[in-house]
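I opened this notebook to keep track of what I looked up, one topic at a time. The entries follow the order in which I went through the model.

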Amino acid sequence: MRILVVEDENKVASFIKKGLQEEGYAVDVAADGLEGLSMLEMNVYDAMILDLMLPKKNGIEVMREVRAKKLNVPVLMLTARDTLADKVMGLDAGADDYLTKPFAFQELLARLRSLLRRGKAEVAMLKIADLTLDPATRKVKRGEVELSLTAKEFSLLEYMMRNVGKPLSRTTLSEHVWDINFDRMTNVVDVYINFLRNKVDKGFDKKLIQTVRGVGYTLKE
Ligand code: CA
């Protein structure tokens with residue numbers, strides 16, 4: 001999952017970025033509202049964490065443009081003050097949820113996970129055949145066997161499990177799993193798919209990660 005963080009306070013931005021990266025998210029940071037909007041239009045994000053008080057364009061103005069331009073991204077707004085007016089204004093402008101600073105990182109993670117499930121009648125646990133992935137505990141199991149994945153492998157598998165049965169191109173996979181510094185001309189996606197195959201499919205009769213010729217990969221039974 002790839003997240004855009006729009007936050008002008010350097011310390012807060014790096015704290016969020018570092019924490020999310022440790023959880024396997026791909027993270028890009030924009031330092032003001034204008035930059036945030038242009039990154040949102042140029043790249044693909046699964047969610048945005050948007051500070052309310054921002055230079056150039058504040059969070060409310062950004063939110064209004066996001067909704068006016070129908071950029072379909074779930075938004076978690078960060079507010080410095082826990083006032084009802086701020087809350088109502090943020091939600092009115094189209095934010096899906098908000099969090100008051102200062103916050104515990106675990107709280108941010110929990111809100112983000114719930115945003116990423118937004119609109120889907122999806123149980124917290126992702127499942128295909130006997131493969132299960134729990135985004136909250138980060139446990140992945142094939143049958144009764146617990147698999148040990150690196151953060152990036154987890155992230156790639158999570159994205160594929162959220163899109164079971166869909167053919168996913170290398171570009172799509174790289175756009176959702178790697179950040180803006182990723183060189184999309186490399187074969188890193190194939191390399192990671194191989195890592196995953198070794199852990200998820202090797203030694204099991206039923207292969208779940210499948211190559212879609214001319215497209216990329218898909219996860220299906
Ligand atoms: Ca700010």
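**Entry 1: the sheet and its hairpins**

I began with S8 and S9, which run antiparallel and are joined by three bridges. This is a predicted model, and I read every entry below with that in mind.

The hairpin of S7 and S8 has four residues between the strands, and in it Arg 138 takes a positive phi near 65°.

Which strands make up the sheet, and in what order? I read an open sheet of four strands in the order S6-S7-S8-S9, with antiparallel pairing. Its edge strands are S6 and S9 (145-147), each of which pairs on one side only. On average, and with direction ignored, neighbouring strands of this sheet are turned by 20° against each other. Helix H6 (residues 151-162) packs on the sheet, where it touches S6, S7 and S8, and the direction of H6 makes about 110° with that of S7.

I looked next at residues with a positive phi that are not glycines, and noted Ala 129, with a phi of about 50°. Ala 129 lies in the loop between strand S6 (126-128) and strand S7 (131-134). Its relative accessible area is 19%, so Ala 129 counts as buried, the limit being under 20%.

Arg 138, which is not a glycine either, has a phi of about 65°, and I placed it in the loop between S7 and strand S8 (139-142). With a relative accessible area of 26%, Arg 138 is partly exposed.

I also checked the peptide bond between Lys 101 and Pro 102, which is cis, with omega at about -5°. Pro 102 is in the loop between strand S5 (97-100) and helix H5 (105-116).

**Entry 2: the calcium ion**

What coordinates the calcium ion? I listed Asp 8 (OD), Asp 51 (OD) and Met 53 (O), at 2.1 to 2.3 Å. In sequence, these donor residues are spaced D-x42-D-x1-M. The two aspartates link distant parts of the chain, 43 residues apart: Asp 8 is in the loop between strand S1 (2-6) and helix H1 (10-22), and Asp 51 is in strand S3 (residues 47-51).

Are the two aspartates buried or exposed? I found Asp 8 partly exposed, with a relative accessible area of 33%, whereas Asp 51 is buried, with a relative accessible area of 2%.

**Entry 3: aromatic rings and charges over them**

A search of the whole structure gave me five aromatic pairs. One of them joins Phe 15 and Phe 103 in a tilted arrangement, 6.5 Å centre to centre and with 40° between the planes. This pair links distant parts of the chain, since Phe 15 is in helix H1 and Phe 103 in the loop between S5 and H5, 88 residues apart. Phe 15 is partly exposed at a relative accessible area of 43%, while Phe 103 counts as buried at 16% relative accessibility.

For Phe 15 and Phe 105, the ring centres are 5.6 Å apart and the planes are at 75°, so this pair is edge-to-face. Phe 15 in helix H1 and Phe 105 in helix H5 are 90 residues apart, and Phe 105 counts as buried at 15% relative accessibility.

I also noted one aromatic cluster formed by Trp 178, Phe 182, Tyr 192 and Phe 195.

Arg 138 lies over the face of Phe 154, at 4.0 Å from the ring centre, and Arg 142 lies over the face of Phe 204, at 4.6 Å from the ring centre.

Methods: Residues are numbered from 1 along each chain as its sequence is written. This is a predicted model: local features need pLDDT of at least 70, side-chain atom pairs count only at pLDDT 80 or more; totals for chains, interfaces and linings use all residues. Side-chain values use heavy atoms; hydrogens and water are left out. Donors are N, O and S atoms within 2.8 Å of the metal (3.2 Å for Na, K and Ca); water is not among the atoms, so sites may look incomplete. Buried means under 20% relative accessible area, exposed over 50%, partly exposed in between (1.4 Å probe, protein chains only). Two strands pair if DSSP finds at least two bridges between them. Axes are lines fitted to C-alpha atoms, for helices over the stretch in contact, and angles run from 0 to 180 degrees between N-to-C directions. Contact means heavy atoms within 4.5 Å. Rings of Phe, Tyr and Trp (its six-membered ring) pair if their centres lie within 6.5 Å; planes under 30 degrees apart count as stacked, over 60 as edge-to-face and the rest as tilted. A charge sits over a ring if NZ of Lys or CZ of Arg is within 6 Å of the ring centre and within 35 degrees of the ring normal.
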